[in-house]
Amino acid sequence: ISSLEEIKTKKPCLLVVEGIEKPGNLGSMLRSGDAAGIDALIVCDEQVDLFSPNVVRASMGTLFSVPCVKVSSQKALSWLKQEGITLVATTPAAKENYTSISYQEGVAIAMGSEKEGLSHAFLKEADSQVVIPMKGLADSLNVSSAATLLLFEVVRQRGA
């Protein structure tokens, strides 16, 4: 798709990625998004070409089945607010467990780069900030693994 306006906005499940720098992670998130039935992937502040061979390969071709749009973070944030879509930001600093909030209505799950996380703008505008509880020494999961967990929590809660 070529614009945010083409995205279905009736109870959508959207994955918003900001500043993802590794093609394998972006491709893997597309693959998980396809499996979870997301309505679109919104790529903000693109650091890796969505159509690079490594993204296409890691996506196992799902790049061509998941609607994708590339926009600035500010444009995505404005559009989500305008459409009344709940923004859930993922951050290791959050206090709320990712399973403790409702994903029943229209939702956009925002994931940041592994190095920087989400920008201050995303964290500030989020309706909820959530964390995946960690038991070991690592302070975070691989971004594509984390995205998969959150997407399938949406699937679980919606009973699909």
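Predicted model: local features only at pLDDT ≥ 70, side-chain atom pairs only at ≥ 80, totals over all residues.
1. Lys 8 is partly exposed, with 44% of relative accessible area. The side chain of Lys 8 forms a salt bridge with that of Asp 39, with 3.4 Å from N to O. The two partners come from distant parts of the chain, 31 residues apart. Lys 8 is in the segment before β1, while Asp 39 is in the loop between α1 (23-36) and β2.

2. How many salt bridges are there in total? The count is six. Three of the pairs are described in this note, the one in point 1 and two that follow.

3. A salt bridge also joins the side chains of Lys 22 and Glu 114, at 3.7 Å from N to O. Lys 22 counts as partly exposed because its relative accessibility, 44%, falls between the limits of 20% and 50%. Glu 114, at 35% relative accessibility, is likewise partly exposed.

4. Glu 125 and Lys 81 make a salt bridge through their side chains, with an N to O distance of 3.4 Å. This pair connects two helices, since Glu 125 is in α4 and Lys 81 is in α3 (residues 73-83), 44 residues apart. Glu 125 is partly exposed at 29% relative accessibility. Lys 81 counts as exposed, because its relative accessibility of 58% is over 50%. Through shared partners, salt bridges join Lys 81, Lys 124 and Glu 125 into one network.

5. Which charged residue is buried yet has no salt bridge? Glu 18 is such a residue. Glu 18 is found in strand β1 (residues 13-18). The nearest side chain of opposite charge is that of Lys 124, 13 Å away. A salt bridge requires a nitrogen and a carboxyl oxygen within 4 Å, so Glu 18 has no partner at that distance. Leaving aside residues up to four places away in sequence, Glu 18 touches Cys 44, Asp 45, Ser 73, Met 111, Gly 112, Ser 113, Gly 117, Leu 118, Ser 119 and Phe 122.

6. A search of the whole structure finds one cavity of 30 Å³ or more, and the volume of the largest cavity is about 40 Å³. By type, the lining residues are six nonpolar, two polar and three charged.

7. The largest pocket holds about 390 Å³ of space. It is lined by 22 residues, and those closest to its centre are Thr 90, Thr 91, Pro 92, Ser 140 and Leu 141. Two or more lining residues come from each of β6 (107-112), β7 (128-131) and α5 (143-158). Which element gives the most to the lining of the largest pocket? That is α5, with three residues. The lining of the largest pocket divides into 12 nonpolar residues, six polar and four charged.

8. Thr 91, one of the residues closest to the centre of the largest pocket, is found in the loop between β4 (86-90) and β5 (96-97). Is Thr 91 buried or exposed? Thr 91 is buried, because its relative accessible area of 13% is under 20%. Residues up to four places away in sequence aside, Thr 91 touches Leu 123, Gln 129, Val 130 and Val 131.

9. Lys 10, like Lys 8, is in the segment before β1. Lys 10 counts as exposed, because its relative accessibility is 70%, over the limit of 50%. The C-alpha atom of Lys 10 is separated by 17 Å from that of Gln 157, although the two residues are 147 apart along the chain.

Conventions. Residues numbered from 1 in each chain as written. Heavy atoms only, no water. 1 Å grid on protein atoms, 1.4 Å probe; cavity = no way out; pocket = protein on both sides within 12 Å on 5 of 7 lines; lining within 4 Å. Points joined across faces, edges and corners; volume = space filled by probe spheres on them. Helix = DSSP H or I, 4+ residues; strand = E, 2+ residues; numbered from the N terminus. Nonpolar A, V, L, I, M, F, W, Y, C, P; charged D, E, K, R; others polar. Buried < 20%, exposed > 50% of the residue type's maximum accessible area, 1.4 Å probe, protein only. Lys, Arg positive; Asp, Glu negative; His and termini not counted. Contact = heavy atoms within 4.5 Å.
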